[in-house]
Amino acid sequence: MTTLGHMQKWKGIDMRKHIILAAALAVVGAGQALADDLMRVKTDKSVGAAMDALQAAVEGAGATVFARIDHGAGAKTVDMDIGDMQLLIFGNPQMGSPIMSADPLAGLFLPLKVLAYADADGQVWLVYEDPDETLDDLKVDDDHPVIGKMQGALKNLTAAAAE
């Protein structure tokens, strides 16, 4: 077994630098992968108006809104300002139940969630994680038909809310 101490010099190369560089690149790559998993929808509405429109679209589609969390208001209770930021948690048992039947751990990631926030420039975004990526590490077939339905629902709901 080789330890980092034994690997310090190998043919004149300081291996610690290479290990640290590899670790840093892995973290950057993971951050990029996470960013690629997020779907962003731009809107000219305020955070509150966008979230109101999203909630109406979700309810109009027959899904259940489980919670609407105002992160910005919560931060103010501890004398912090994180700007306008709200999260809507919603779902439909017709979609979620088959996924959780395939792998009960899907219950950690469902129901669906959409975040509305204003960036540093004041631009408001609706953001959600692609369900295919959310469920990727679970025992759910990549081609499970419900995943496509979830993707379509999130795309349509956020587009309607952004208009």
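The second largest pocket is lined by Phe109, Leu110, Pro111, Leu112, Lys113, Tyr128, Glu129, Pro131, Thr134, Leu135 and Leu154. A pocket here is an open set of points on a 1 Å grid over the protein atoms alone, where a 1.4 Å probe fits, with protein on both sides within 12 Å along at least five of seven lines; lining residues have an atom within 4 Å of a point. This is a predicted model, in which local features need pLDDT of at least 70 and side-chain atom pairs count only at pLDDT 80 or more, while totals for chains, interfaces and linings use all residues. Residues are numbered from 1 along each chain as its sequence is written, and side-chain values use heavy atoms, without hydrogens and water.

**Second largest pocket**
- This pocket holds about 180 Å³ of space, a volume being the space filled by probe spheres set on grid points joined across faces, edges and corners.
- Strand S6 (112-118), strand S7 (124-129) and helix H5 (131-134) each supply at least two lining residues; helices (H or I, at least four residues) and strands (E, at least two) are DSSP runs, numbered from the N terminus.

**Largest pocket**
- About 290 Å³ of space lies here.
- Of its 18 lining residues, Phe90, Gly91, Asn92, Met95 and Leu112 lie nearest the centre.
- Helix H4 gives the most to this lining, with five residues.

**Helices H4 and H6**
- Met95, Gly96, Pro98 and Ile99 in H4 meet Val146, Ile147, Lys149, Met150 and Ala153 in H6, contact meaning heavy atoms within 4.5 Å.
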